[in-house]
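Welcome! Please take a moment to look over the model below, and then read on for a short tour.

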Protein chains: 2
Amino acid sequence: VSGEGGAVLTPEVGRFEVRCERCGRTVARRPYAALCPDCGGTLGFVYDEARRRRFGADFDAARTMWDAAPLLPVAAPARAVTLGEGGTPLLAASAAWGCRLWLKDETRNPTGSHKDRALSVAITCGREMGFGGCVVISAGSTGLSTAAYAARAGMSCAVVVPAGTPDERLVPVALFGGRILEAPGTFETALRLVEGFTRGREVYLTSTYRRGNPYQAEGAKTIGYEIARQMGELGESPDWIVVPTGGGGTAAGIWRAYEEMRALAGAGWPARAPAAGTRQPRIATVQPAAYNALEIAMRDGLQDERALYALGISEETPTVQAKLQHGVPPDAVYALEALRASGGVAVSVTDAAALTAQRRLAAEGLFGEPSAAAALAGVRLMVETGVIKPADRVVALVTGSGFREMAAARHSLGGIGRAPLTERSLVAAVGGG
Amino acid sequence: VSGEGGAVLTPEVGRFEVRCERCGRTVARRPYAALCPDCGGTLGFVYDEARRRRFGADFDAARTMWDAAPLLPVAAPARAVTLGEGGTPLLAASAAWGCRLWLKDETRNPTGSHKDRALSVAITCGREMGFGGCVVISAGSTGLSTAAYAARAGMSCAVVVPAGTPDERLVPVALFGGRILEAPGTFETALRLVEGFTRGREVYLTSTYRRGNPYQAEGAKTIGYEIARQMGELGESPDWIVVPTGGGGTAAGIWRAYEEMRALAGAGWPARAPAAGTRQPRIATVQPAAYNALEIAMRDGLQDERALYALGISEETPTVQAKLQHGVPPDAVYALEALRASGGVAVSVTDAAALTAQRRLAAEGLFGEPSAAAALAGVRLMVETGVIKPADRVVALVTGSGFREMAAARHSLGGIGRAPLTERSLVAAVGGG
């Protein structure tokens, strides 16, 4: 059947449960709580046999991320709040990258980033639970995406931003009807104030970390399903999936998808299953050099959030990889789990390397923001250090569009070189023909 | 089989011919000529029986625009220069538009506009013909798209712009490696200079009008195929397709696609054919109020280009619908053909109406540029004047992304309203829940 967004959706089928990952208790959807009301544990989801079977049956023919709806915590996928997110292209890179490289082009989502997957799920679930509005703390991709999906759902939406956020980042947010609330300080200040103001109220927060909103976290899984299917169509299976990492939820979600597919592979998984489900990729996270908590954690064997906070990484170091600017990634624990379980690697890259990677990415025909190009800088680094071998099949996630960060691209270019139009300059520029 | 872009492409099958639409002569691909070397007529394409049969067989399962490759003038579709363009969502509108409205979201193409379909075909054909470089005269979507696809193809590329084109429009062009050449004057000056400099040279121009490049014009057809298939999946067939119109090639291409599908409907057309092929939509073009040549032509029965030039529409009237700023649409003759053959209507809308439509479009969750929102302004006008009836099924083309025209959105909003974050402002903004 077809949903309101024109996307082909799977029919409503089967059930899922919300379950605390710490105490194992099953939790009701309403009254809403982002964490276990008993023990404060993180919430996850358990999908029943009918849903798992349905997912497997639809896998090969999937066109959009909503074809994976049986493994999303949505009761009625046919009424999903969708703008046609997901189903993004996987493009073979053509330059000499030192490995076999594919680009998963997440810039092609409705508001230009992979966050649209998370927000489509989050807003759908919010509407299913009866919320008429939502709140998010973000001056970046998550705020923009929340505003767009809230508009689509007919929900009201508060986008809380740090003091001094420049107008240009807020233009589309305002156009979507997001109500912009300015905090008297940094992101941390905003977070604390919102937590205080919403305590005891049933307010729906759409921030994209698991303890902020458990529903959105399932959206990132669909990237993993798509990579498995698209590589499977080529007769390949990725050795590495390289993820620009801010909060850590995307890397964790992709790994969870592969774990789910492995669990399903025994049970009537369709044609492409063996390629998709039996070989697990290694996850690589790429952070900015000044924000390398995961790299240190992997090197020093750090396990919990407290140890990461103890590193004291300042959030005030400026970086052009703005979307990855987290001292402690809020989903660090799950990202570390994915890194360790997959035999993965955490690296970090300088701003200069990210900007160089942005230009090399443009030479492939893609305009990614520096935070997205970071993935390519990471690939380059891992190739140079021999971590990635020439025969390795590598999928790099190009997470967000450069059109939303024009100032960075402009700065990186220095000036725009322009020559006067003459017969000579034209012939030289066109080259042979 | 799968192409280099990861898109699923049809295998190479059958042949096509380049044919002059005036004298009927078959023309060789090389030496390249954009017009008939004998009579100067416009060139079109004739696809053989094998290609037409293949197109019909693949129709229902199509995922990307390249599944329509049998009806594109490409010899080896598996080696197409693709960034995964086309296959864009068709989203049901949810507000009260006064008709049954769907939005064909062309902002989701690689560089943010429907021009990517044309350029993917143009650059693929250019490379097949052996060109190592290309030239385009554009400071807008076509220049941007040319630069991206030339980069993808490894071709050099000259983007000729009018004097004084602001840096911000050229940032992504420069990042893609396009060589920017500034003409000493307007678009018209640039065009005349380029024509002079390239006379007698085999230079590949990628401008998106038929007499400038016949190959690119076939790309717009894929919008028509997709609308037919996507509406067919919903069990519907559009009564109207509403097209923001600058050059006129998009409206003409969509109509040509429907004509092709009608011709095929008799001959082994697949399951959804009857819905797609036997009912033809009416085409509506929407121009800016100051650039309403088609509207006048329809009203006064004008036929040829000379009559349109005689209207003397100035190209210097500023309009926020910047991509539609053509005194005489270069494909006007073909657009008028589509309008007349389909029983269509040409309307024009003010800048104020386009900006209002941009905000109404944003309330649906889409960020279109004013030139794209013009389609919605056109729908509104046609509903108000009773041309479109409440039961009519209308598909509006949202041609380009607002992220590439941030200044216009910012101007339209006036200021960005921001309130201080307080308990009261937060609760008010989130609304009930």
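## A term to start with

A salt bridge here is a side-chain nitrogen of Lys or Arg within 4 Å of a carboxyl oxygen of Asp or Glu. B:Arg19 and B:Glu17 give an example, with their closest N and O atoms 2.7 Å apart. B:Arg19 is partly exposed at 31% relative accessibility, and B:Glu17 is partly exposed as well, at 34%. Please keep in mind that this is a predicted model. Over all chains, the structure holds 62 salt bridges.

## Where the two chains meet

Let us turn to the interface. Here 92 residues of chain A are in contact with 92 residues of chain B. Between them the two chains bury about 7300 Å², and 61% of that lies on carbon and sulfur atoms.

Ten salt bridges cross the interface of chain A and chain B. Helix α4 (residues 167-175) of chain A supplies seven residues, the largest share of the side of chain A that touches chain B. By class, this side of chain A has 50 nonpolar, 21 polar and 21 charged residues.

## A closer look at A:Arg418

Strand β13 (residues 418-420) of chain A runs parallel to strand β8 (residues 179-182) of chain B, and three bridges join them. Within this pairing, A:Arg418 stands opposite B:Ile180 in β8(B). The side chain of A:Arg418 also meets that of B:Glu182 in a salt bridge (2.6 Å, N to O).

## Pairs within chain B

Helix α1 (residues 49-58) of chain B contains both B:Arg52 and B:Glu49, three residues apart, about one turn of the helix. Their side chains form a salt bridge (3.4 Å, N to O). B:Arg52 is partly exposed at 35% relative accessibility, and B:Glu49 is partly exposed at 41%.

Another salt bridge links B:Arg169 with B:Glu405, the closest N and O atoms being 3.2 Å apart. B:Arg169 lies in helix α4 (residues 167-175) of chain B and B:Glu405 in the loop between β12 (393-398) and α14 (406-413), so this pair ties together parts that are 236 residues apart in sequence. B:Arg169 is partly exposed at 31%, whereas B:Glu405 is buried at 15%. In chain A, salt bridges that share partners join A:Arg169, A:Lys323, A:Glu369, A:Arg404 and A:Glu405 into one network.

## A buried glutamate

Is B:Glu236 buried or exposed? B:Glu236 counts as buried because its relative accessible area is 15%, and buried means under 20%. B:Glu236 sits in the loop between α6 (221-233) and β9 (240-244) of chain B. A polar contact of 3.1 Å joins its side chain to that of B:Arg393.

How values were computed. Residues are numbered from 1 along each chain as its sequence is written. Chains are lettered from A and ligands numbered from 1 in the order in which they are written. This is a predicted model: local features need pLDDT of at least 70, side-chain atom pairs count only at pLDDT 80 or more; totals for chains, interfaces and linings use all residues. Side-chain values use heavy atoms; hydrogens and water are left out. Contact means heavy atoms within 4.5 Å. Buried area is the accessible area (1.4 Å probe) that two parts lose on being put together, summed over both. Helices (H or I, at least four residues) and strands (E, at least two) are DSSP runs, numbered from the N terminus. Ala, Val, Leu, Ile, Met, Phe, Trp, Tyr, Cys and Pro count as nonpolar, Asp, Glu, Lys and Arg as charged, and the others, Gly among them, as polar. Two strands pair if DSSP finds at least two bridges between them. Buried means under 20% relative accessible area, exposed over 50%, partly exposed in between (1.4 Å probe, protein chains only). A polar contact is a pair of N or O atoms within 3.5 Å; within protein, one must be able to donate a hydrogen and the other to accept it, and residues adjacent in sequence count only if both atoms are side-chain atoms.
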